[in-house]
Amino acid sequence: MDDDVRPWDAAAPLVRAVQSGDALAMDDLLKLVTPYVTRLCAPIALTDTADAVQESLLAVFRGLRGLRDPQAFYGWVRAVTVREAVRVARRSASETPADPEEIARLRDLLPGVGGELSVEVRDLLARLPLRHRTVLVLRELEGMDERTTAELIGVPEGTVKSRLSRARSSFRKAWTS
C-alpha cells in the first residue's frame, strides 16, 4: 500500500464492495484491519487477546452491512473492538488483576501479540484491574478524550476521570518502584 494512503481511505472501497456482496473484499478488509484490532485488544484483554481479536472480527463481519459511512470504518471498528475486548476480559478476569507469571507464560504462546508495548509496560498493565486498564489504554495509548472513552465503554465521564486518575497513580507507583 502507498505510504500516502490513509487507512480509512484504503478501507472505504473495500467496505463498499463488502456491503454490495463481494466476499473476496471481506477477506481483504479483515486482513487490513486485523493488526489494528490486535493492537487494541492486546493491552485490554491481556490473557485472552486471541479470543478478543476473534470476537471483534466476528462482530465487525456481522455488523458491517449496517455501517453507513465507509470513511468512518476505523472509528466504528475501534468502538466494536473495545466493546468486545472489554467483554472478553471481563468474562475471564472477573475484574481481578491478572497474575504476572501467568501473563508471561501466555504471552509466549501468542506470537506477534503486544509487539508495540514493552514487556515491562504489559506487565504493569496486567496488574491493573480491567476497569482501570481499559481507560488507561484508551486515553494514553489510543489518545481518546474522556468523553469519547465514557461513550465507548458506557459509563459517565466522571467515572472515566476517576478511574483514569487511579490507573495513572497505580501505574506510576508500580513503574517507579
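Start by selecting Lys 31 and Asp 27: both sit in helix H2 (residues 23-41), four residues apart, about one turn of the helix. Helices here are DSSP runs (H or I, at least four residues), numbered from the N terminus. Lys 31 and Asp 27 form a salt bridge, with the closest N and O atoms 3.2 Å apart. A salt bridge is a side-chain nitrogen of Lys or Arg within 4 Å of a carboxyl oxygen of Asp or Glu.

This is a predicted model: local features need pLDDT of at least 70, side-chain atom pairs count only at pLDDT 80 or more, and totals for chains, interfaces and linings use all residues. Residues are numbered from 1 along each chain as its sequence is written, and side-chain values use heavy atoms, leaving out hydrogens and water.

Next, select Glu 55 and Arg 87. They form a salt bridge, the closest N and O atoms being 3.2 Å apart. Glu 55 lies in helix H3 (residues 49-63) and Arg 87 in helix H4 (residues 73-93), so the pair ties together parts 32 residues apart in sequence.

Now go to helix H8 (residues 146-153) and helix H9 (residues 157-176). They pack at an angle of about 105 degrees, with axes 8 Å apart. Axes are lines fitted to C-alpha atoms, for helices over the stretch in contact, and angles run from 0 to 180 degrees between N-to-C directions. Show Glu 146, Arg 147, Thr 149, Ala 150 and Ile 153 of H8, which meet Glu 157, Val 160, Lys 161, Arg 163 and Leu 164 of H9 in the contact (heavy atoms within 4.5 Å).

Finally, zoom out. The protein chain has nine helices and zero strands.

How values were computed:
Helices (H or I, at least four residues) and strands (E, at least two) are DSSP runs, numbered from the N terminus.
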